[in-house]
Amino acid sequence: MTKRASDTPVVPYAALAELTSVVKSELMGVFEDVLDSGQYIMGQELEAFEREFAAYCGSSYAVGIANGTCALHLVLRGLGLSHRDEVITAPNSFIASASSIALTGATPVFVDIQPDLNMDPDLIEAAITPRTKAIVPVHLTGRPARMNEILDIAGRHGLFVLEDSAQAVGSSLEGRRTGSWGDAACFSMHPLKNLHSFGDGGMITTDDEAVRDRMMVARNHGLSARDRCDYWSFNCRLDELQAALLRVQLPYLDAWTQERRELAFRYNDLLRQYVGVPEEGPGEFCSYQTYMVQADRRDGLQAHLISGGVQALVHYPTPLHLQPAAKELGYTAADFPMAVEAAGRILSLPLYPGLSHGQQDRVAELVARFYRD
Amino acid sequence: MRVPYAYLSEQFADVEPYIDDLRGLVASGEFTIGPYVEAFERKFADHIGVKHAIGTNTGTDALILALKAIGAGPGDEVITVPNTFIATVGAIVAAGATPVFVDSDERYQIDVSLIAAAITPRTRAIVPVHWAGCPSDIESVLEIADRHGIAVVEDACPSVGAQVNGRSVGTVGRVNGFSMHPLKPLNVWGDGGIVVTDDDEAAKFLQLYRNHGLSDRNHIDLWGVNARLQPVQAIVASRQLDVVDEIADVRIRNARRLDQGLRDLKEYVKIPERPSGYREVYQLYQVGVARRDELVSYLEAQRIEAKVHYPIPLHLQKAAMSLGYKRGDFPVCERQANEIITLPAHQHITTEQIDHVIGAIHSFYGANL
C-alpha cells in the first residue's frame with residue numbers, strides 16, 4: 001500500500017496525507033468522541049456541521065448528503081422532473097452534473113462555455129424550450145459562474161437554478177459566496193476538494209425552507225418520522241463521523257483557501273508568458289480547487305511534465321456530450337466548439353496548501369523549457 | 001435493572017486496533033475505493049462463498065444496484081413483502097419498477113405459497129427479505145422463480161451470517177444486497193453496504209454503475225451514480241468480519257434462552273417456528289404478543305427497551321398510495337404489525353438481563369414463572 005520512493009513524483013498532484021497531518025490530532029480526538037458516543041448516523045455532529053456550513057456559505061440551511069453526486073440527484077429529483085423535461089448544464093464538467101439530470105429521467109441539455117471555462121450566459125436562452133425546468137451552472141475549478149446573468153435569465157423564464165458548487169466551497173462573486181446564489185446549491189466533500197471528508201461527502205445549501213425540509217426527508221428513505229414514509233426515496237445521509245471530521249477542518253478552510261490563492265497567483269506570474277493562466281475576473285474570488293491552465297501542444301507538455309516528476313492531469317479530455325453514456329442525446333463534436341477546443345488545451349497543475357515555492361519553480365522551469373526548446 | 005436496546009458503545013469500547021488501521025489509511029491517502037475497500041470485498045466474498053462482492057455506500061444502494069444489474073426498470077414488476085424496511089421498496093421504485101406485495105408467513109418471511117399467484121407476464125424478479133436476520137425459505141423462492149424464468153434478488157440486508165442448510169443467504173439469488181448499518185449483524189460506523197453476485201457480467205456492471213459509470217478515469221460508459229463504500233467503513237467492516245460469527249453465536253444463545261423462557265406463555269406470546277437447518281442470527285429478536293402496545297409501555301417503564309419493527313406495513317404508508325393497496329390486502333402482515341415486539345437480545349445482554357425480561361413479561365400477563 002505504500003509506494004516505493006522511486007515511484008514518488010517530485011511534485012505530486014495532491015498531498016492529502018501531509019495536509020491531514022496538520023489537524024490529525026484534532027481529527028483523532030473527535031473521531032474517538034464519535035465512536036464513544038455510539039451515535040453513528042444523523043447525530044449532533046451532523047446537525048452542528050450543517051449549521052456551521054450554512055453560516056459559512058451565507059445560506060439559511062444546509063443538509064448533509066453522502067456525496068456531491070447524490071446531492072445533485074436529490075435536489076433535481078425533488079423538482080419532480082419527468083422524461084419530458086430538460087435541464088441545462090455545461091458539457092465540460094465532471095460526469096455528475098449530467099448524470100444526476102439523466103438519472104431523474106430528464107434530458108441533459110448542454111450549452112457551450114466561455115473562455116473562463118464556465119457556462120456562457122449568452123447561449124442559455126437559445127437552449128431554453130417549453131420543456132426546460134432548471135439550469136445547473138457549474139463553478140468549474142472553484143471559479144464562480146456568471147450568476148447575475150444566469151439568475152436573470154432563469155427569473156425571466158421561471159426556471160429553478162441549482163448551483164453545482166462541487167468544486168467551489170469558499171469561492172465568491174461580488175462578495176457573496178457561491179452556494180448562496182441559486183435556489184439551491186450542491187457541494188462535494190470528496191478528498192480532492194478544498195474542504196473534504198475522508199471518503200465521500202456532500203452538502204446541499206438553500207434559503208428555501210421547503211427545499212430544506214424535502215431534502216431532510218429525501219436523504220433518509222422518505223421518512224418524515226421513524227414510522228412514516230411519505231415517498232420512496234434513497235439513503236444518502238452524510239455519516240456522523242465524516243461530519244465530525246469536517247467540523248474540525250471548517251475553521252481552517254479560509255486560511256487554506258488563502259494559501260491556494262497565493263500559490264495560484266504565483267503560478268500565474270511564473271507561467272503567464274507560456275500558457276493561458278486562470279486570472280481572476282472582476283468581482284471573482286476563486287478558491288482554486290483546480291489550477292487549470294490552457295496550453296498549446298498540451299499532450300506534449302503533459303508528457304514533459306510527468307517525465308520531469310510533475311503529476312499534471314487533464315480534467316477532462318473528453319467532454320460529457322461525447323462520452324458513450326451521452327450517445328442517445330445525439331450531440332456531435334461540432335455542437336460545443338469551445339468545450340471541445342478547451343478539452344484539448346486544459347491541463348491541471350499541482351496546487352494545494354503545503355506546495356512549496358521550490359516545487360512551483362520546478363513546474364515553471366519544466367514549462368519554460370518545453371516551450372523554449 | 002436496565003436492559004438497553006443499544007450496544008454500539010460497548011461493542012466498540014476498544015477502538016485502538018481500528019485507530020491503528022485508520023492511521024495507515026490516512027497515510028495512504030486512498031479515500032476513494034482503493035486497496036482497503038478491495039481487500040474487504042475479497043474477504044467478504046470468500047466469507048460468504050460468492051465470486052464477487054462490491055462495496056456500496058449503503059444497503060439501499062446495494063439493492064438498487066442489484067435490481068439495476070438484473071435489468072429491472074420501468075414497466076417491470078418486482079415481488080416483495082410489505083413487512084420490511086422501506087428501503088426494499090424504495091430500491092424497487094428507484095430502479096423504475098413497480099413493487100408488488102405478497103403477504104408474510106408466521107415467521108415474518110415471504111409466504112412462498114402466495115408468490116405464484118402474484119406473478120404476471122411483467123414480473124421481472126422476486127425480492128425475498130431475510131427479515132430480522134432470519135432466512136426466508138429461499139430454496140422454494142428460487143424454485144418458483146426458475147419455473148417462471150424470473151430472477152431472485154435477495155434482500156439480505158439484515159442477515160450477514162444467516163444460512164439455510166449450510167449455505168449463506170445472499171448466495172442464492174442472481175444479485176443480492178447486504179447492509180452494514182450500525183444495527184446490522186456486520187456493522188460499521190455509519191452507512192455501508194455490499195452487493196454480491198457470481199455473475200461476471202453483472203459484477204462488471206455493478207463496478208461501473210457504483211462509480212459514475214467510469215470504465216477508467218476519463219471514460220463514461222453509462223450514466224451511473226456515486227455509491228461507493230467508504231474506505232474508513234471498509235476497515236471497520238474488515239475487523240468486524242473476523243468476529244461476526246462469534247457475535248451471531250451469542251445472539252443465537254440469547255434468542256434460545258428467550259424462546260425457552262417465553263414458551264409457557266403460549267396464550268399470549270407467539271414464538272415463530274425455528275426450522276431445522278436454518279441458522280437465524282437475530283438482527284432483531286421478534287415475537288408476537290397480545291396487548292402489544294401496553295406491553296411495550298410496561299417494559300419501557302421498567303427500563304427494558306423494547307421496540308416495534310414496524311407498526312405500519314409498507315402498503316399502508318403514504319408513499320404507497322399510488323400502488324392502490326388498501327387495508328385488508330395482506331391480513332397476516334397487518335395482524336403481525338399489531339403483535340410484533342422486538343426484545344433486546346444483542347451480544348452485550350447478560351443472562352440475568354434476559355431472565356429479567358422474561359420475568360417482566362410473565363408479571364405483565366399475571367403469570368407465574
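A: Start where the chains meet: 48 residues of chain A are in contact with 48 residues of chain B. Contact means that the C-beta atoms, placed from the backbone, lie within 7 Å. The model is predicted: local features need pLDDT of at least 70, side-chain atom pairs count only at 80 or more, and totals for chains, interfaces and linings use all residues. Residues are numbered from 1 along each chain as its sequence is written, while chains are lettered from A and ligands numbered from 1 in the order in which they are written.

α1 (16–37), α3 (68–78), α4 (96–102), β11 (228–229) and α8 (240–249) of chain A each give two or more residues. Helices (H or I, at least four residues) and strands (E, at least two) are DSSP runs, numbered from the N terminus. α1(A) gives the most, with 8 residues. By class, this side of chain A has 25 nonpolar, 14 polar and 9 charged residues. Here Ala, Val, Leu, Ile, Met, Phe, Trp, Tyr, Cys and Pro are nonpolar, Asp, Glu, Lys and Arg are charged, and the others, including Gly, are polar.

Now cross to chain B. Chain B holds 12 helices and 15 strands. Its radius of gyration is 21 Å, close to the 21 Å from the globule rule for 369 residues, so chain B is as compact as a globular protein of that length. (The radius is taken over C-alpha atoms; the rule is 2.2 Å times the number of residues to the power 0.38.) The C-alpha atoms of chain B fill a box of roughly 70 × 55 × 35 Å along the principal axes. Of the 369 residues of chain B, 51% are buried. Buried means 20 or more other C-beta atoms within 10 Å of a residue's own, exposed means 12 or fewer, and partly exposed is in between, with C-beta atoms placed from the backbone. Among contacts in chain B with a separation of 6 or more, 70% join residues 24 or more positions apart.

Look at one helix of chain B. α12(B) covers residues 351–364, 14 residues in all, and reaches 20 Å from first C-alpha to last, close to the 20 Å expected at 1.5 Å a residue. (The expected span is 1.5 Å times one less than the number of residues.) Its buried residues include B:Ile354, B:Val357 and B:Ile361. These cover an arc of only 60° around the axis, which puts them on the same side of α12(B). (The arc is that of the directions from the helix axis to the C-beta atoms.) Among what covers the buried residues are α9 (231–262) and β15 (340–343) of chain B. The face turned away from the buried side carries exposed B:Thr351, B:Glu352 and B:Ser363. After α12(B) comes B:Gly366, with a positive phi near 65°.

Notes: Two residues are in contact if their C-beta atoms, placed from the backbone, lie within 7 Å.
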